[in-house]
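Have a look at the fold, then read on.

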Amino acid sequence: MNAIADLSTADLGALRTRVRNAYDAFRARGLKLDMTRGKPSAAQLDLANPMFSLPGNGDHFTEAGDDARNYGGVQGIAEVRALFAPIMGVPADQVVVGDNSSLALMHDCLAWALLKGVPGSAEPWSKEAAPAFICPVPGYDRHFALCEEYGIRMLPVPMTGHGPDMDAVEALAADPAVKGMWCVPKYSNPSGEVYDDATIRRLAAMRAGAPDFRLFWDNAYAVHHLTARRHDILNVMEACAAAGHADRPFIFASTSKVTLAGAGLALFASSAANVRWYLARASKRTIGPDKLNQLRHLRFLRNIEGVHRHMDGHRALLAPKFDAVAEALERHLAGLGAARWTRPEGGYFITVDAADGTARRVVALAKEAGLALTPAGATWPLGQDPHDRTLRIAPTFPSLEEVRAAAEGIALCIALAAVEKEDAGRSRPA
C-alpha cells in the first residue's frame with residue numbers, strides 16, 4: 001500500500017471512504033473501553049491471591065526476633081531488604097523498604113531536597129534560583145506532575161531508542177540550576193526502550209553544574225519482561241561510584257505491578273550517605289512502615305528466583321495483549337505512513353507516534369467511538385506535545401478480547417485522522 005501522501009486524489013478519496021466506513025461501523029458497536037492507565041488486570045492481581053493468608057496467624061517475627069506488629073524499623077526488615085537488593089543493585093543495608101507507593105518516595109525525596117537539600121547541597125534547592133529537572137520525552141506524566149506541583153522547571157530531551165539524547169542531557173546538566181533528571185531506565189514509560197551501557201556510563205560520569213545533582217532513577221519495570229529475554233542494564237550505583245559520583249543516583253522501585261497494586265512495597269536505594277539522609281527525614285514522618293506486609297511479601301516471593309517465576313505468570317497474561325495491539329496496528333496502518341509504534345520487550349505501554357498534528361484528533365475520534373485513551377500530550381511536560389503526535393497505549397487492564405477490539409478502533413482512528421489531515425492539506429489554497 002502506498003503512503004497516504006503519495007496517493008492520487010482519487011485513491012485518497014477511496015481510502016477516505018473505506019476508513020470512514022470502517023470507523024463508523026466500529027463506532028456503531030457502542031463499545032465502552034478504557035485504555036488510559038497502566039493498571040494490572042484482575043487476572044494479574046489474582047496471581048498474588050495466596051498472599052491473603054500470609055504471613056499467617058502467629059507468624060509475625062523477623063529473623064532478628066522483632067515483632068512486626070509493633071512500631072519501629074523505618075528502614076524495613078533486614079531479610080526483606082536482602083530479597084530486593086539484587087533488583088535495586090546495591091547491598092541490603094543500602095535499601096529502604098517503605099509502604100505501597102514508590103511515587104510517594106519520589107515525592108518525599110523531591111520535597112525534602114527542596115526543603116532541606118541533599119548531601120552535597122550548599123542550601124535547600126528551594127532557595128536557589130529556578131531549579132530545573134531534565135525530562136526525557138516521551139515520559140511519565142506523574143514525574144512531570146511532581147515538578148509542576150513544586151514549580152520546578154522541566155527541560156525536555158528526546159529519547160533515541162537506547163535512552164535519552166546524551167549530547168542534549170550533558171549540555172543541560174552543565175547549568176548549576178539543573179538539580180536532577182527523571183529516568184525510567186528499563187522498559188521506559190512509555191516508549192519501552194532500555195538504556196544501553198554507554199548511556200548509563202555517560203549519565204554517571206557527566207559533569208553536572210550542580211554539585212548536588214541527582215538522577216531520580218525510577219526502575220519501575222525492573223522485572224516486568226514481555227519476552228523470554230530478561231534484559232539487564234548496567235548497575236547505575238556502581239557506574240556512578242566508579243566515576244566519582246557515588247551520591248548521584250536515587251533509585252526507586254516497587255511491587256505495585258508485581259504483587260498487589262494497592263498493597264505492595266515501595267523501595268528506595270542509594271549511597272550510604274543518601275540512605276542516612278533519607279532515614280533522617282523519614283524518621284520524622286513515620287514511626288515505621290507496615291512490616292506485616294513486608295513479611296507477607298517475603299513469605300510469598302521467598303527469593304529472587306521466586307520473583308522471576310511470579311513475573312513469568314504476568315508475562316503469560318500480558319504478552320498476548322501487546323501482540324494483539326501490534327497486529328491491529330500492522331494490519332491497518334502498515335505502509336500508510338500514518339504512524340510509527342514501538343514493540344516493547346517489557347513494561348506496560350506501547351508508544352504510537354501518529355502523523356504530526358493528529359494526536360488530539362485521534363483521542364477525540366476514539367472518544368466518539370467509546371474508547372478512552374490517555375490525553376494527547378500527557379507524555380510531555382505540562383501536557384504540551386509540540387508535535388501533537390505521541391499516543392500512549394495501555395493494554396494491560398482490559399481483557400484480551402477488549403484489547404483486540406480497542407486496538408482495531410485505535411488503528412482506525414489513527415488512519416482516519418491522517419487521511420483527514422492529508423485531505424485538509426490538499427484542499428488548502430496554494
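## Starting with a histidine

Which helix does His310 lie in? His310 is part of α11, which covers residues 304-333; helices here are DSSP runs of H or I of at least four residues, strands are E runs of at least two, and both are numbered from the N terminus. A word on ground rules: this is a predicted model, where local features need pLDDT of at least 70, side-chain atom pairs count only at pLDDT 80 or more, and totals for chains, interfaces and linings use all residues. Residues are numbered from 1 along each chain as its sequence is written, and side-chain values use heavy atoms, with hydrogens and water left out.

With a relative accessible area of 10%, His310 is buried (buried is under 20%, exposed over 50%, partly exposed in between, using a 1.4 Å probe and protein chains only). Setting aside residues up to four places away in sequence, His310 touches Leu47, Ala48, Val258, Thr259, Phe300 and Leu301; contact means heavy atoms within 4.5 Å. Leu47 is 263 residues from His310 in sequence, yet their C-alpha atoms sit 7.7 Å apart.

His224 sits in a loop, between β6 (214-218) and α8 (236-242). His224 counts as buried because its relative accessibility is 4%.

Beyond its neighbours within four places in sequence, His224 is in contact with Tyr187, Lys257, Val258, Met311, Gly346, Gly347 and Tyr348. Val258 also turns up among the contacts of His310.

## Two domains

The chain splits into domain 1 (4-45 + 308-427) and domain 2 (62-302), with bounds from an automatic or database domain assignment. Their C-alpha centres lie 31 Å apart. Where the two meet, 29 residues of domain 1 are in contact with 34 residues of domain 2.

## The whole chain

Zooming out, the protein chain has 13 helices and 12 strands. Its radius of gyration is 23 Å, close to the 22 Å that the globule rule gives for 430 residues, so the chain is as compact as a globular protein of that length; the radius is taken over C-alpha atoms, and the rule is 2.2 Å times the number of residues to the power 0.38. The C-alpha atoms fill a box of roughly 75 × 50 × 35 Å along the principal axes.

Buried residues make up 53% of the 430. Of the contacts with a separation of 6 or more, 77% are between residues 24 or more positions apart.
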